[in-house]
Amino acid sequence: MKKFSKPLTANDVGATGAHMAGIHIPKSDDELLAFLPPLDPKEYNPSEWITCVTPDGRELRLRYVYYNNRLHKPKGTRNEYRITHLTNYFKTEGAREGDTFEISKEEGAPRYLIDVVPAMQEVSEQVDESPVRIKISAGWRRVH
């Protein structure tokens with residue numbers, strides 16, 4: 001089984017109020033792109049509907065889309081892959097910035113498995129008065 005995970009950003013979970021559609025899939029991640037259905041860049045905004053199953057057995061249809069109007073006439077500005085139709089799922093799960101979105105699939109299986117894993121809340125016994133800067137990585141990674 002292949003599994004990929006991505007820490008959720010405030011934008012991903014709708015906390016910023018932005019009207020961005022879906023979570024970003026980097027064009028540079030060949031392994032993640034090969035894991036998802038192929039999309040033909042010669043088509044204008046090609047997409048595939050993928051069936052996903054949650055841990056509690058709900059089936060969701062998500063749209064995997066390549067917004068590519070920068071490559072077509074008239075020229076636009078977008079050239080990015082996204083998985084959309086996650087907003088209601090994230091709300092139902094109570095997903096927050098810092099939680100992790102996971103997507104996995106057995107080779108040859110018709111459906112993907114998805115999950116939101118809550119961020120671990122660590123309690124420190126040490127008190128540190130210095131300013132703290134935390135950077136949550138927004139990048140995808142393969143889970144082995």
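I started with Glu93, which is partly exposed at 33% relative accessibility. My cut-offs: buried is under 20% relative accessible area, exposed is over 50%, and partly exposed lies in between, with a 1.4 Å probe and protein chains only.

I noted the ground rules next. The model is predicted, so local features need pLDDT of at least 70 and side-chain atom pairs count only at pLDDT 80 or more, while totals for chains, interfaces and linings use all residues. Residues are numbered from 1 along each chain as its sequence is written, and side-chain values use heavy atoms, with hydrogens and water left out.

Then I looked up the partner of Glu93. Arg58 forms a salt bridge with Glu93, and the closest N and O atoms are 2.5 Å apart. I call it a salt bridge when a side-chain nitrogen of Lys or Arg is within 4 Å of a carboxyl oxygen of Asp or Glu. This pair links distant parts of the chain, 35 residues apart. Arg58 sits in the loop between strand E3 (47-53) and strand E4 (59-67), and Glu93 in helix H2 (residues 87-93). Helices (H or I, at least four residues) and strands (E, at least two) are DSSP runs, numbered from the N terminus.

Arg58 is partly exposed at 26%. I found Arg58 in a salt bridge with Asp56 too, at 3.0 Å, N to O. Asp56 is exposed at 55%.

I checked Glu59 next. Its side chain meets that of Arg111 in a salt bridge at 2.4 Å, N to O. Glu59 lies in strand E4, Arg111 in the loop between strand E6 (100-105) and strand E7 (112-117), 52 residues apart. Arg111 is partly exposed at 39%. Shared partners join Asp56, Arg58 and Glu93 into one salt-bridge network.

Last entry: I logged eight salt bridges in the structure.
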